[in-house]
Amino acid sequence: MAGINPDLPFYPLNIAVLTISDTRDMTTDTSGALLAERLVAAGHTLTDRVIVADDVDAIRGQIGKWVADEGVDVVLTTGGTGFAPRDVTPEAIRPLFRREMEGFGVVFHHASLATVGVATLQSRAFAGQAEDTFIFCLPGSTGACRDGWDLVLAMELDSRFRPCSLVGQIPRYRGICP
């Protein structure tokens, strides 16, 4: 049965949070704050938290810095995944992927269907791997980030989750975390 096995060791990840918004700053960024709070409460390390505008070059520039940093295992983004004219997160980040994690969008939509109904169709949430860094792109609403973390990422990023978690695919944990 799937779930957290408390008898197994927990291996913390180094996670950066990127908010993509033309209007938010650190005092109004409730989505980025929620992700940062949740990941730290889960035992992971918040390596950085940045806000950039809905701009392809700005998004790619920040993601590129974190992908090049061996101290960042995972990037969580919030914002820019909808259908507004300035929502360009998928267009900015997908070309950086060497692999896409198609199942993330499916699982995210399934989880959020219970909280927002068919409005989940308005999200282009997605995930993938750029070099060895995993990137998860969530919508900009605080509720969507709550659903994304609580219903999907909290388990997938926990080394104790069985039958398997993504942690074993992080380079520094390969071979020690199944």
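User: Leaving aside neighbours within four places in sequence, which residues is threonine 77 in contact with?
Analyst: This is a predicted model, in which local features need pLDDT of at least 70, side-chain atom pairs count only at pLDDT 80 or more, and totals for chains, interfaces and linings use all residues. Residues are numbered from 1 along each chain as its sequence is written, and side-chain values use heavy atoms, with hydrogens and water left out. Contact means heavy atoms within 4.5 Å. With neighbours within four places in sequence left aside, the contacts of threonine 77 are Leu18, Ile20, Ile63, Thr89, Ile93, Ile135, Phe136, Cys137 and Leu138.

User: Is threonine 77 buried or exposed?
Analyst: Threonine 77 is found in strand β4; helices (H or I, at least four residues) and strands (E, at least two) are DSSP runs, numbered from the N terminus. Buried means under 20% relative accessible area, exposed over 50%, and partly exposed in between, with a 1.4 Å probe and protein chains only. The relative accessible area of threonine 77 is 0%, so this residue is buried.

User: What is the strand order of the six-stranded sheet?
Analyst: Two strands pair if DSSP finds at least two bridges between them. The edge strands, each pairing on one side only, are β3 (45-52) and β5 (99-100). The sheet is open with mixed pairing, and its order is β3-β2-β4-β7-β6-β5.

User: Which residue of β7 is the bridge partner of valine 74?
Analyst: β2 and β4 run parallel and are joined by five bridges; isoleucine 15 has valine 74 as its bridge partner in β4. β4 in turn pairs with β7 over five bridges, in the parallel sense. There, valine 74 is partnered by phenylalanine 134.

User: What is the phi of glutamate 131, in the turn between β6 and β7?
Analyst: Strand β6 (residues 126-130) and β7 run antiparallel, joined by five bridges, with alanine 127 opposite phenylalanine 136. The two strands form a hairpin with two residues between them, and glutamate 131 in that turn has a positive phi of about 55°.

User: How many residues of β7 are buried?
Analyst: In a regular strand the side chains alternate between the two faces of the sheet. Of the six residues of β7, the buried ones number six.

User: Why does aspartate 29 count as buried?
Analyst: Aspartate 29 sits in the loop between β2 and α1. Beyond four places in sequence, this aspartate touches Thr19, Arg24, Arg49 and Ile51. Aspartate 29 counts as buried because its relative accessible area is 2%.

User: Which residues lie closest to the centre of the largest pocket?
Analyst: On a 1 Å grid over the protein atoms alone, a pocket is an open set of points where a 1.4 Å probe fits, with protein on both sides within 12 Å along at least five of seven lines; lining residues have an atom within 4 Å of a point. The largest pocket has a volume of about 370 Å³, the volume being the space filled by probe spheres set on the points. Its lining has six nonpolar, 15 polar and five charged residues, where Ala, Val, Leu, Ile, Met, Phe, Trp, Tyr, Cys and Pro count as nonpolar, Asp, Glu, Lys and Arg as charged, and the others as polar. Among the 26 lining residues, the closest to the centre are Thr81, Pro139, Gly140, Ser141 and Ala144.

User: What is the volume of the second largest pocket?
Analyst: Its lining includes Val67, Asp69, Glu131 and Arg172. By class, that lining has five nonpolar, one polar and six charged residues. The volume of the second largest pocket is about 180 Å³.

User: How many Å apart in space are valine 88 and leucine 13, C-alpha to C-alpha?
Analyst: Valine 88 is in the loop between β4 and α3 (89-93) and is buried, at 18% relative accessibility. In sequence, valine 88 and leucine 13 are 75 residues apart; in space, C-alpha to C-alpha, the separation is 27 Å.
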